[in-house]
Amino acid sequence: MKDQTIDKAVHKPQISFTIRTEGKIYFVLVENIACVYLEEETVYLVDFSGDKHSIDKTVSCLENLLPAQQFYRINRQTIINRKAIKEIAPYANQRLVLYLSVATPEPIIVPRLKVRHFLDWMESG
(Lines give C-alpha, C1' and ligand atoms only; values in the text may rest on other atoms or scores of the structure.)
Protein backbone atom coordinates (compact mmCIF):
# COMPACT_ATOMS: atom_id res chain seq x y z
CA MET A 1 0.00 0.00 0.00
CA LYS A 2 1.33 3.41 -0.95
CA ASP A 3 2.36 5.75 1.85
CA GLN A 4 -0.23 8.55 2.11
CA THR A 5 2.00 11.07 3.90
CA ILE A 6 2.75 14.25 2.02
CA ASP A 7 6.34 15.28 1.46
CA LYS A 8 6.34 19.09 1.44
CA ALA A 9 9.66 19.17 -0.41
CA VAL A 10 8.22 17.49 -3.52
CA HIS A 11 4.53 18.39 -3.16
CA LYS A 12 3.27 21.22 -5.38
CA PRO A 13 1.82 24.11 -3.41
CA GLN A 14 -1.93 23.87 -2.95
CA ILE A 15 -3.70 26.71 -4.78
CA SER A 16 -7.32 25.93 -3.89
CA PHE A 17 -9.57 23.34 -2.30
CA THR A 18 -12.58 21.73 -3.95
CA ILE A 19 -15.80 22.06 -1.98
CA ARG A 20 -18.74 19.78 -2.78
CA THR A 21 -22.11 20.64 -1.33
CA GLU A 22 -25.78 20.32 -2.28
CA GLY A 23 -25.05 19.35 -5.87
CA LYS A 24 -22.55 22.18 -6.34
CA ILE A 25 -18.81 22.06 -6.77
CA TYR A 26 -16.75 25.19 -6.16
CA PHE A 27 -13.25 26.17 -5.11
CA VAL A 28 -11.84 28.12 -2.18
CA LEU A 29 -8.45 29.68 -2.85
CA VAL A 30 -5.82 29.09 -0.18
CA GLU A 31 -5.15 32.84 0.01
CA ASN A 32 -8.83 33.36 0.96
CA ILE A 33 -8.80 30.93 3.91
CA ALA A 34 -8.85 32.73 7.27
CA CYS A 35 -8.93 29.61 9.44
CA VAL A 36 -9.69 25.91 9.59
CA TYR A 37 -11.43 24.24 12.50
CA LEU A 38 -12.98 20.98 13.58
CA GLU A 39 -16.50 21.11 15.00
CA GLU A 40 -18.55 18.02 15.83
CA GLU A 41 -16.39 15.75 13.64
CA THR A 42 -16.65 18.05 10.59
CA VAL A 43 -13.74 20.14 9.31
CA TYR A 44 -14.57 23.64 8.10
CA LEU A 45 -12.67 26.22 6.09
CA VAL A 46 -13.68 29.79 6.90
CA ASP A 47 -12.90 32.38 4.25
CA PHE A 48 -12.20 36.05 4.85
CA SER A 49 -15.79 36.98 4.03
CA GLY A 50 -16.86 34.78 6.97
CA ASP A 51 -18.39 31.98 4.88
CA LYS A 52 -17.98 28.49 6.33
CA HIS A 53 -17.28 25.55 4.00
CA SER A 54 -17.22 21.91 5.10
CA ILE A 55 -14.39 19.92 3.56
CA ASP A 56 -13.70 16.20 3.40
CA LYS A 57 -10.13 16.38 4.75
CA THR A 58 -8.66 16.10 8.21
CA VAL A 59 -7.08 19.01 10.06
CA SER A 60 -3.74 17.15 9.88
CA CYS A 61 -4.03 16.74 6.12
CA LEU A 62 -4.83 20.45 5.69
CA GLU A 63 -1.89 21.37 7.94
CA ASN A 64 0.39 19.55 5.50
CA LEU A 65 -1.19 21.13 2.43
CA LEU A 66 -1.25 24.73 3.65
CA PRO A 67 1.92 26.86 3.50
CA ALA A 68 3.61 26.86 6.92
CA GLN A 69 4.78 30.46 6.61
CA GLN A 70 1.13 31.59 6.30
CA PHE A 71 -0.79 29.05 8.44
CA TYR A 72 -0.21 27.89 12.02
CA ARG A 73 -1.82 24.96 13.81
CA ILE A 74 -2.88 26.27 17.19
CA ASN A 75 -4.18 22.96 18.54
CA ARG A 76 -5.74 19.68 17.38
CA GLN A 77 -8.86 21.48 16.15
CA THR A 78 -7.65 24.78 14.70
CA ILE A 79 -5.33 26.22 12.04
CA ILE A 80 -5.17 29.99 11.53
CA ASN A 81 -3.94 32.25 8.75
CA ARG A 82 -1.62 34.95 10.06
CA LYS A 83 -3.54 37.55 8.00
CA ALA A 84 -6.73 36.73 9.94
CA ILE A 85 -5.25 37.74 13.30
CA LYS A 86 -6.65 41.11 14.42
CA GLU A 87 -5.36 41.08 17.98
CA ILE A 88 -3.38 38.93 20.42
CA ALA A 89 -3.91 39.26 24.16
CA PRO A 90 -2.57 37.56 27.30
CA TYR A 91 -4.87 34.87 28.66
CA ALA A 92 -5.00 32.90 31.91
CA ASN A 93 -2.14 30.58 32.85
CA GLN A 94 0.47 32.12 30.48
CA ARG A 95 -1.59 31.40 27.37
CA LEU A 96 -2.65 33.77 24.59
CA VAL A 97 -6.06 34.45 23.10
CA LEU A 98 -6.31 35.36 19.41
CA TYR A 99 -9.02 37.58 18.00
CA LEU A 100 -9.58 36.89 14.33
CA SER A 101 -11.23 38.91 11.58
CA VAL A 102 -13.81 36.08 11.22
CA ALA A 103 -16.11 34.41 13.74
CA THR A 104 -15.12 31.05 15.25
CA PRO A 105 -17.28 28.77 17.41
CA GLU A 106 -14.76 28.82 20.28
CA PRO A 107 -12.14 31.33 21.41
CA ILE A 108 -8.74 30.67 19.80
CA ILE A 109 -6.40 29.95 22.72
CA VAL A 110 -2.69 29.33 22.19
CA PRO A 111 -1.61 26.66 24.72
CA ARG A 112 1.08 27.67 27.19
CA LEU A 113 3.58 25.17 25.73
CA LYS A 114 3.13 26.63 22.22
CA VAL A 115 3.28 30.34 23.07
CA ARG A 116 7.02 30.78 22.40
CA HIS A 117 6.88 28.83 19.12
CA PHE A 118 3.78 30.76 18.02
CA LEU A 119 5.40 34.14 18.77
CA ASP A 120 8.56 33.09 16.92
CA TRP A 121 6.40 32.08 13.94
CA MET A 122 4.63 35.45 14.02
CA GLU A 123 7.96 37.32 14.06
CA SER A 124 9.43 35.23 11.24
CA GLY A 125 6.63 35.93 8.78
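Reader: What is a salt bridge, and how many does the structure hold?

Author: A salt bridge is a side-chain nitrogen of Lys or Arg within 4 Å of a carboxyl oxygen of Asp or Glu. This model is predicted, and the structure holds 3 salt bridges.

Reader: Which residue forms a salt bridge with Arg-73, and is Arg-73 buried or exposed?

Author: Glu-63 is the partner of Arg-73, with the closest N and O atoms 3.0 Å apart. Arg-73 lies in strand 6 and Glu-63 in helix 1, so the pair ties together parts that are 10 residues apart in sequence. Because its relative accessible area is 16%, Arg-73 is buried, whereas Glu-63, at 34%, counts as partly exposed.

Reader: Where do the side chains of Glu-39 and Lys-52 meet?

Author: Glu-39 is in strand 3 and Lys-52 in strand 5, 13 residues apart; their salt bridge has an N to O distance of 3.5 Å. In helix 2, by contrast, Arg-116 and Asp-120 are 4 residues apart, which means a separation of about one helical turn; the closest N and O atoms of this salt bridge are 3.1 Å apart.

Terms used:
Residues are numbered from 1 along each chain as its sequence is written. This is a predicted model: local features need pLDDT of at least 70, side-chain atom pairs count only at pLDDT 80 or more; totals for chains, interfaces and linings use all residues. Side-chain values use heavy atoms; hydrogens and water are left out. Helices (H or I, at least four residues) and strands (E, at least two) are DSSP runs, numbered from the N terminus. Buried means under 20% relative accessible area, exposed over 50%, partly exposed in between (1.4 Å probe, protein chains only).
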